[in-house]
Amino acid sequence: MPTGKVAGYLLHIIFGENNWQMGFVFEGCYLSFVGFVVLCVPSNYFSANLFVAKPNDDLKHKLVLSAKRSSNVTEFQFISSTTQDKAVAQQKEKKSTFFEDMKDIIINFVFINSVLVRAILFGVNTALHFWISDYMRSVLFVEDKRVIFVSYTIIAVSGPIGGVLASSIVSKFLGGYEHKNSAYVLLFLHCMTCCIGLFIPFMKQLYPFCFTTTLYLVFSSSALPIVQGIIITSVSAKLKGTAFSIANLV
């Protein structure tokens, strides 16, 4: 994600503000090329060894070919399949409907609260990345586009990388999202993020601004894996796919 943002800003610099349409054309051509490559080499992304086996109610036994062959007659042995019987029994169980799954997800306080935290975190970070170049020009009075690009690149890349390192340290000494104190660790990281974020508007020079903003992204990025983990583990296994889709939508 940081690399994509840096690449987008670089395209903005290359094509200029008056030719912003060409930036979207270039991006569209790139995505079309990548899609074509994936379409031509699906074996690199999808396994051909996997297949869906639909159980047959009429087939109650598994066919096993024995090694006994005599007089060109192949002898087959039918052995009862406990595994298949279990699969058939599971199919007969009542399946929960989509609305029942949605109800279970919505009334889950931990999930809803974590999703809101994640949405706020992403929202603030998106706004920060969107306005940071204008802030450098309008408030810090930096006019050189190369200086702005290099500064933004350092912030956008070093922040998440520092967040990964900080998250590893936090997980090692304080525990990850599966630890019972993960909520307190997350609260501490968010408090640090907010405190550092409050200092950003008071930085009137470029270097202190870049350092403070990078430090903000370090703590913000280190909190994200814990939020993601709490979201996934707060719902049952059968609801994980739907729950994470809702989280992405929010």
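**Exercises on a predicted model**

Of the 250 residues of the protein, 28% count as buried, where buried means under 20% relative accessible area, exposed over 50% and partly exposed in between (1.4 Å probe, protein chains only). The model is predicted, so local features need pLDDT of at least 70 and side-chain atom pairs pLDDT 80 or more, while totals for chains, interfaces and linings use all residues. Residues are numbered from 1 along each chain as its sequence is written, and side-chain values use heavy atoms, without hydrogens and water.

**Exercise 1.** Determine the secondary structure content and the order of the elements.

*Solution.* Step 1: the protein has nine helices and two strands; helices (H or I, at least four residues) and strands (E, at least two) are DSSP runs, numbered from the N terminus. Step 2: read from the N terminus, the order is α-α-β-β-α-α-α-α-α-α-α.

**Exercise 2.** Describe the largest pocket and its lining.

*Solution.* Step 1: a pocket is defined on a 1 Å grid over the protein atoms alone, as an open set of points where a 1.4 Å probe fits, with protein on both sides within 12 Å along at least five of seven lines; lining residues have an atom within 4 Å of a point. Step 2: the volume, the space filled by probe spheres set on the points, is about 750 Å³. Step 3: 25 residues line this pocket, and Lys5, Gly8, Tyr9, His12 and Phe130 are the closest to its centre. Step 4: helix H1 (2-15), helix H2 (20-40) and helix H5 (109-138) each contribute at least two lining residues. Step 5: the lining comprises 12 nonpolar, eight polar and five charged residues; Ala, Val, Leu, Ile, Met, Phe, Trp, Tyr, Cys and Pro count as nonpolar, Asp, Glu, Lys and Arg as charged, and the others, Gly among them, as polar.

**Exercise 3.** Locate the two salt bridges and state the exposure of their partners.

*Solution.* Step 1: a salt bridge places a side-chain nitrogen of Lys or Arg within 4 Å of a carboxyl oxygen of Asp or Glu. Step 2: aspartate 134 pairs with arginine 137, with the closest N and O atoms 2.3 Å apart. Both residues lie in helix H5, three residues apart, about one turn of the helix. Step 3: aspartate 134 is partly exposed at 28% relative accessible area, as is arginine 137 at 24%. Step 4: aspartate 144 and arginine 146 form a salt bridge at 3.6 Å, N to O. Aspartate 144 is partly exposed at 33%, whereas arginine 146 is exposed at 65%.
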